[in-house]
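The sequence and coordinates are shown first.

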Amino acid sequence: MKILHTADLHLGQVIYQHYDRSDEHRHFFRQLERWCREERPDALLVSGDVFDMQQPSASVKKAFTDYFVELHRQCPAMTIVITAGNHDSASRLEADSAVWDLAGIRIVGMPPSADRQEHAADWQEHYIVRLTTGYVVALPYMTGERQALVQSVLDKVTAENTAGLPVVVMAHQAVTGLDASGHNFEVGSLKTQDVSTFGTGFDYLALGHIHKPQTIGHQEDCMEPWVSYQAPVARYAGSALHVSCDEAYPHTVSLVELHGHGGRVDIRQLRIDELRHFYVLPADASSYASFDEALAAISLFAETTRSGYLRLRMDYAAPMPPNFAQMVYDLFAAYDDELRYNPKIIWTGVPSGSVRPDAPPTFEVADLQQMTDPMVFVEKTKDHYAGLDLDEVRTAFEAVKAEILLMEEESLGKAVGKPKKADKTNDTQAK
């Protein structure tokens, strides 16, 4: 059984609050199409985070449709399986799944319910994709462990798999033993679950969610172009694009060949050519001591490189002009959006205070888009506000929430108790 495994496309991402990446995604899909034509895999697996936001724009949804219709057109015998990630709306992604089925593209958005009593007979069928060469159990993002449900699906496959064909499970989760390099997770905030919670009976666990390509338990050779292991194997394919400057490692698509159930698993990494590369200045890992020095280096970089994302490393002692970021944007304006600036500076040295007031927060735009509790934002940025009393702010927010709830209840009570207007037509007829 041969599969191409990718994940974390993040279609529609606007990086650094400023830059659309549609041409970078188009560049990635041209490569993916070529690999599909050359390798002729039995299946292409996309393990979650198809979109960057739960409500993508019409143009982003059209791009998604165009990309996967073209992949099917070029390789009609290849089955495409797409599952929802934490950035996706599970119901929206699955809404048109019946139409996609007609093109041999299986989309699974909704996870099995945590309440087993809600499951209909043969509910497991929704998550099983049968190929002539093996099985794919397509699991979307799930909150919390659901080992019994996953095992139930695998048991159904095991009972049917009398020919000993390979079994692949797709999942969009953080698992124990991963390397989260490049992500903005704070220490201890990333909840992981053991690979064993995905049950027994699979040969390859096709993971999404973490952007660095890696095989769990084999970090020493995670960047080798070609490796072979004994099943079972759990692997992150990595994201399609560098989602931030912090992802300072190659990005790849995994070409996986499985030799029977319980047999050898061969993994070849297909290196993705990024349309725009990421750079940090100074290139020698030192820091600029002044912003005049930095601006001169940026000007030289622009003239010689002319394309890519740029981030700076600055010494805390350097006084920062209030309009520095705008100066860089103005300088890059002559390059038709090919040069792009990351205003999140890497600060080095000893700060004069606790935190520079101009230092950016430690999370990306995607984090903000998914925040529903304002206290999360306050807690992440507390060091930017001297003398801030978190308990006092938290109490104030709770009071506001209680007041809003009371107002809603009073409004609902008035609506329920308000007598309906008489129907003038019926009233007239009655008279």
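The text below treats the model and its conventions, then aromatic residues, and then the backbone.

**Model and conventions**

The model is predicted; local features require pLDDT of at least 70, side-chain atom pairs count only at pLDDT 80 or more, and totals for chains, interfaces and linings use all residues. Residues are numbered from 1 along each chain as its sequence is written, and side-chain values rest on heavy atoms, with hydrogens and water left out.

Helix α1, which spans residues 22-39, contains F28. Helices (H or I, at least four residues) and strands (E, at least two) are DSSP runs, numbered from the N terminus. With a relative accessible area of 1%, F28 is buried. The classes are buried under 20% relative accessible area, exposed over 50% and partly exposed in between, computed with a 1.4 Å probe on protein chains only.

Which residues does F28 contact once its neighbours within four places in sequence are left aside? They are T6, L9, A240, L241, V253 and I272, where contact means heavy atoms within 4.5 Å. The C-alpha atoms of F28 and L275 are 8.1 Å apart in space, while the two residues are 247 residues apart in sequence. F28 also belongs to one aromatic cluster together with F29, F51, F64, Y67, F68 and W100.

**Aromatic pairs**

A pair of aromatic rings is described by the distance of the centres and the angle of the planes. Rings of Phe, Tyr and Trp (its six-membered ring) pair if their centres lie within 6.5 Å; planes under 30 degrees apart count as stacked, over 60 as edge-to-face and the rest as tilted. The whole structure holds 15 aromatic pairs. One of them joins Y16 and Y309, whose ring centres are 6.1 Å apart and whose planes stand at 75 degrees, so the pair is edge-to-face. This pair links distant parts of the chain, 293 residues apart: Y16 is in the loop between β2 (14-15) and β3 (19-20), and Y309 is in strand β17 (residues 308-315). Y16 is buried at a relative accessible area of 7%, and Y309 is buried at 0%.

For Y279 and F301, the ring centres are 5.2 Å apart and the planes are at 70 degrees, so this pair is edge-to-face. Y279 lies in strand β16 (residues 278-281) and F301 in helix α6 (residues 291-305), so the pair ties together parts that are 22 residues apart in sequence. Y279 is partly exposed, with a relative accessible area of 30%, whereas F301 is buried at 7%.

**Backbone geometry**

Most residues other than glycine have a negative phi, and most peptide bonds are trans.

| Cis peptide bond | Omega |
|---|---|
| A231 and P232 | about 5 degrees |
| L281 and P282 | about 0 degrees |

P232 is placed in the loop between β12 (226-230) and β13 (233-236). P282 lies in the loop between β16 and α6.

Although H209 is not a glycine, its phi is positive, at about 120 degrees. H209 sits in the loop between β10 (204-208) and β11 (214-215). Is H209 buried or exposed? At 13% relative accessibility, H209 counts as buried.

D336, likewise not a glycine, has a positive phi of about 50 degrees. The loop between α7 (324-332) and β18 (339-341) holds D336, and this residue is exposed, with a relative accessible area of 67%.
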